[in-house]
Amino acid sequence: EAGQLPIDVIYFNAVLDAWARDLSRKDTDQSMNLLSRPHTLLMELIGGKYNAIPDNSSYNHVIRALYAPWTSRQTVGKEDDRRKAWDMVFTVYSNMSERHRGSCMPDAHTYLHMFKALACLWPTDKSASSDERLVLCRDIFHSCCQNGQLTKTAFWVISTFLDTSTLMNLLAHEMGEQDVSKQLEHIPIDLLYTHVPAEWSRD
């Protein structure tokens with residue numbers, strides 16, 4: 001209501017975190033009825049309903065909640081359900097990247113959760129959907145590197161759902177060096193992170 005004192009967003013973040021933890025333990029069929037809760041609450045916070053301003057943790061908890069039911073169980077449940085979950089994930093990410101530019105930008109945790117969402121919610125076969133996931137990964141990876149938010153953990157997550165050749169192409173695209181695969185192909189995957197440009201993880 002008008003005139004209310006602002007509410008500390010930490011209380012809402014605690015609820016969002018609890019929902020994310022709970023969803024990670026739910027069967028995927030059960031979880032579809034619950035996924036809209038964290039997404040709706042975040043949209044209400046953005047809209048000013050509760051006189052509290054969402055922060056990075058708010059967005060990150062919601063993204064985590066939306067892929068939580070498929071963590072380590074990527075092939076479980078209907079593909080249509082995973083796509084619906086991804087659509088909500090991308091809406092949250094887009095709101096953070098565009099609407100709140102300059103005040104609440106994606107951070108290292110955001111990008112880590114986005115790569116985990118790509119790993120959990122998109123098919124691993126060689127279908128057109130897999131190609132679409134690669135395009136999304138490339139765009140998110142570019143933003144991550146440009147903002148200096150790449151972490152070793154995030155890089156490892158990417159390496160779990162991209163084969164070596166595709167990963168090398170991703171690095172070459174970001175570096176603007178087509179022969180990067182020849183430079184890095186002898187380096188074990190678990191050591192590749194130490195050879196990427198330092199500015200990708202400057203922050």
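First, the ground rules. The model is predicted, so local features need pLDDT of at least 70 and side-chain atom pairs count only at pLDDT 80 or more, while totals for chains, interfaces and linings use all residues. Residues are numbered from 1 along each chain as its sequence is written, and side-chain values use heavy atoms, with hydrogens and water left out.

Let's start with the overall build. How many helices and strands does the protein have? Ten helices and zero strands. Along the sequence, the pattern reads α-α-α-α-α-α-α-α-α-α. Helices here are DSSP runs of H or I with at least four residues, strands are runs of E with at least two, and numbering goes from the N terminus.

Next, burial. The protein has 203 residues, and 47% of them are buried. Buried means under 20% relative accessible area, exposed means over 50%, and partly exposed is in between, using a 1.4 Å probe and protein chains only.

L23 sits in helix α1. Its relative accessible area is 0%, so L23 is buried. L23 and A68 are 45 residues apart in sequence, yet 5.8 Å apart in space, C-alpha to C-alpha. Now go to helix α5, where A85 is found. Buried or exposed? A85 is buried, because its relative accessible area is 0%. A85 and M32 are 53 residues apart in sequence and 8.3 Å apart in space, again C-alpha to C-alpha.

Now the surface. I7, I10 and Y11 form a nonpolar patch there. Together they have about 320 Å² of accessible area. Patches are made of residues with over 30% relative accessible area and no salt bridge; like charges are joined within 9 Å, and nonpolar side chains (Val, Leu, Ile, Met, Phe, Trp, Tyr) within 5 Å. Accessible areas come from the Shrake-Rupley method with a 1.4 Å probe, and for residues only the protein chains shown count as cover. I7 lies in the segment before α1, which spans 10–23. I7 has 34% relative accessibility, so it counts as partly exposed.

A quick stop at the backbone. Which residue other than glycine has a positive phi, near 55 degrees? That is N51. N51 lies in the loop between α3 (36–46) and α4 (56–67). At 28% relative accessibility, N51 is partly exposed.

On to charges. Side chains of opposite charge can pair when their charged atoms come close. A salt bridge is a side-chain nitrogen of Lys or Arg within 4 Å of a carboxyl oxygen of Asp or Glu. The structure holds five of these salt bridges.

One of them joins K49 and E44, at 3.5 Å from N to O. K49 is exposed, at 52% relative accessibility. E44 is partly exposed, at 22%.

Another joins K84 and D80, with 3.5 Å from N to O. Why are these two about one helical turn apart? Because they are four residues apart in helix α5. K84 is partly exposed at 43%, and D80 is partly exposed at 47%.

E132 and R83 also meet in a salt bridge, at 3.8 Å from N to O. This pair links distant parts of the chain: E132 is in helix α7, R83 is in helix α5, and they are 49 residues apart. E132 is partly exposed at 39%. R83 is partly exposed at 27%.

Last stop: the second largest pocket. On a 1 Å grid over the protein atoms alone, a pocket is an open set of points where a 1.4 Å probe fits, with protein on both sides within 12 Å along at least five of seven lines; lining residues have an atom within 4 Å of a point.

How much space lies in this second largest pocket? About 170 Å³. That volume is the space filled by probe spheres set on the grid points, which are joined across faces, edges and corners. The lining has 14 residues, and F90, Y93, S97, E98 and S143 lie nearest the centre. The elements giving two or more residues to that lining are α5 (79–99) and α7 (128–146). The largest share, five residues, comes from α5.

By type, the lining has seven nonpolar, four polar and three charged residues. Ala, Val, Leu, Ile, Met, Phe, Trp, Tyr, Cys and Pro count as nonpolar, Asp, Glu, Lys and Arg as charged, and the others, Gly among them, as polar.
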